[in-house]
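Hello,

Please find the structure below. My notes on it follow.

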Amino acid sequence: MNAIMQPGFWIFILTMSGIYGIFGLGLQVQYGVGGILNFGHVGMMALSSYTMAILVISHGINFWIAAATGVGVAALGGAFLGLTTLRLRGDYFAIVSIAFSEIVRYVIFNSDNITGGAQGSLAIPAIGEGYPSYTNAWDSIMNHMRDFLQPIFGDIVNREFVMALTIWSTLAVLLLIVSRIERTSWARVLRATREDDEVPAALGKNVFRFRLQAVIIGSILGGIAGIYWALESTLLSADDFLTIVTFYGWMILILGGATKVKGLPFAAIFFGFLYGGTRFFTFWPFSMVDSAQRAYIRIMIIGVVLIILMMKRPQGIFGKRQEMVLE
Amino acid sequence: MAEFIQLLFNGLVEGSIFGIAALGISLVYSVLRLVNFAAGDFLTLSAFTTYFFSVDLHMPLVIAVLISVVIGVVISLFLEFLIWRRLRKSGAGMLALFLVATGVAFVLRQSIALTFGSNSRKFNIDQIKTFEFLGAQIAQAQLVVLCCASIAITSIAIFIKKSVIGKNMRAYSDSPSLAAVSGINVQRVIIATWCISGAFGALAGVFQGTVQGQFTSGMGLDLLLSILAAVVLGTIGDAYGALIGGFVLGIVMELSTWSAFFGGIPSTYKPVVAFSVLVIVLLFKPEGIFGVKARRI
């Protein structure tokens with residue numbers, strides 16, 4: 001029980017939910033507005049975080065340029081996915097998009113010399129040195145912010161605190177931007193294509209181009225989540241980007257009500273608790289199983305929540321049922 | 001040349017397994033409009049239950065396989081009554097079906113990992129015995145799998161073509177409402193579909209476990225993508241297409257490692273090859289190899 005009392009525990013949950021919230025926001029643009037079933041979203045996260053890390057560590061490029069390039073590569077990934085497969089029927093696209101993210105992961109996993117592959121280290125450190133890190137530039141900013149905030153908030157402020165704050169500020173800004181986007185005529189056309197392709201097409205709208213734009217915007221959000229993920233985990237591994245991560249995003253999206261952005265932050269926190277909180281379930285009855293088994297149970301709980309959610313309340317906590325049923 | 005024949009044979013064996021698993025998924029899709037993401041974990045489950053009955057409980061392998069097939073069918077039917085039927089009644093859309101199937105896959109996979117642990121398993125069969133054929137080494141286990149798979153494939157093809165339930169299935173997948181008003185027992189068609197899918201998933205799992213030698217709780221998941229590629233390649237919902245898609249992909253994946261083919265692609269990239277083939281085919285024929293009607297957007 002002790003862990004739950006610590007502020008560090010709550011900060012960890014906030015950090016995780018913020019990252020996955022940004023990630024889920026990408027799906028929100030794609031599905032909530034455009035009705036696009038993208039199950040390969042985690043691939044964008046992998047592309048941006050690895051691009052950033054490789055550029056910083058192996059090529060010594062400035063962190064900010066590297067991070068922007070990373071997000072750009074994620075956008076390119078989205079464009080590639082969309083251009084090749086978005087003309088397919090919804091269910092075909094869903095399957096092929098999973099394949100896209102898995103192929104990204106496979107290539108990362110098997111390109112040991114570039115990505116570190118299974119070991120998760122991008123470069124082998126010289127004797128007496130730690131692993132080369134891509135977080136130096138970021139850490140110095142975090143430290144500055146910590147020194148600035150500590151007199152205001154007191155001892156609770158540490159690197160993790162500042163990180164959570166930064167991530168949630170980013171999420172807040174992105175939520176504002178996306179909710180603005182969703183009131184534009186662009187979003188109205190997309191929403192029309194979600195219900196029916198023919199009508200917007202008859203009105204002279206290029207349905208494919210609208211969908212492609214939605215996929216790219218979503219991929220950029222996925223890419224931003226990837227950068228934060230890399231900064232938070234400090235050591236990347238191909239296993240961070242399993243298909244299951246995409247479904248974490250979907251879970252947040254559905255919980256918050258797929259067609260509304262306002263539920264998303266609450267859903268993200270709920271998910272963060274489910275995802276991070278269960279790691280600290282060391283009390284009875286969870287004390288009967290070891291930590292590896294608790295990891296299995298955690299994913300099992302997520303599976304059960306997904307099933308019950310879709311069966312009992314597919315519109316999520318805040319969503320409109322009519323919009324969900326129509327699809 | 002010996003290498004070519006070797007790879008061709010390996011591809012044929014792997015393709016027959018893909019084909020069987022893909023057929024189950026495709027059949028379920030054609031009748032229920034559901035892409036069963038949990039199918040991969042049914043493969044894993046049957047491999048583990050077969051291991052449990054044959055190695056832990058010392059039953060003959062054939063009996064263990066039969067029990068595993070029954071378990072696969074029972075769990076498929078259980079899920080039908082617990083989840084799928086209710087979802088259909090509530091008029092759930094594509095997304096709901098996708099996500100619930102994923103949830104089922106998570107629960108199933110983690111239950112297997114929780115029950116059997118993360119160690120790899122091995123059936124108690126002769127893995128070493130091989131025959132030589134045109135310079136290629138053909139394992140006895142592979143040969144047995146190929147024979148069994150061929151029998152299963154032939155019998156299911158005849159079943160779907162000739163039997164009343166098979167005809168009902170095809171009628172129902174063409175037009176559910178038309179089939180229902182012409183007096184076809186829809187419930188029976190759905191149950192038969194789950195039985196076939198459960199049984200074939202179980203068989204594919206045992207076959208894959210046999211061919212692979214060692215397997216872990218991630219086996220089905222690793223295969224799922226290639227199997228889904230086979231399903232889509234043969235046009236989703238087309239049972240015969242799925243079989244052919246399975247064979248095509250199995251053979252292409254093996255042959256891609258052939259050293260005469262640009263020095264051979266590393267075998268770890270086989271799933272990438274499967275999906276590259278799929279994407280290329282879809283670019284030119286968006287409805288799969290056997291698809292006829294094209295819906296434009």
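A residue counts as buried if 20 or more other C-beta atoms lie within 10 Å of its own, as exposed if 12 or fewer do, and as partly exposed in between, with C-beta atoms placed from the backbone. By that rule, 49% of the 327 residues in chain A are buried.

This is a predicted model: local features need pLDDT of at least 70 and side-chain atom pairs pLDDT 80 or more, while totals for chains, interfaces and linings use all residues. Residues are numbered from 1 along each chain as its sequence is written, and chains are lettered from A and ligands numbered from 1 in the order in which they are written.

Chain A has 15 helices and zero strands; these are DSSP runs, H or I of at least four residues for helices and E of at least two for strands, numbered from the N terminus.

Next, the contact of the two chains. Two residues are in contact if their C-beta atoms, placed from the backbone, lie within 7 Å. Chain A brings 39 residues to it and chain B 38. Helices of chain A that each supply at least two residues to this side include H4 (63-85) and H5 (90-110).

Within chain A, 76% of the contacts with a separation of 6 or more join residues 24 or more positions apart.

In chain B, Ile227(B) is in contact with Phe18(B), Ala21(B), Ala22(B), Ile25(B), Ala39(B) and Gly40(B), leaving aside its neighbours within four places in sequence.

Regards
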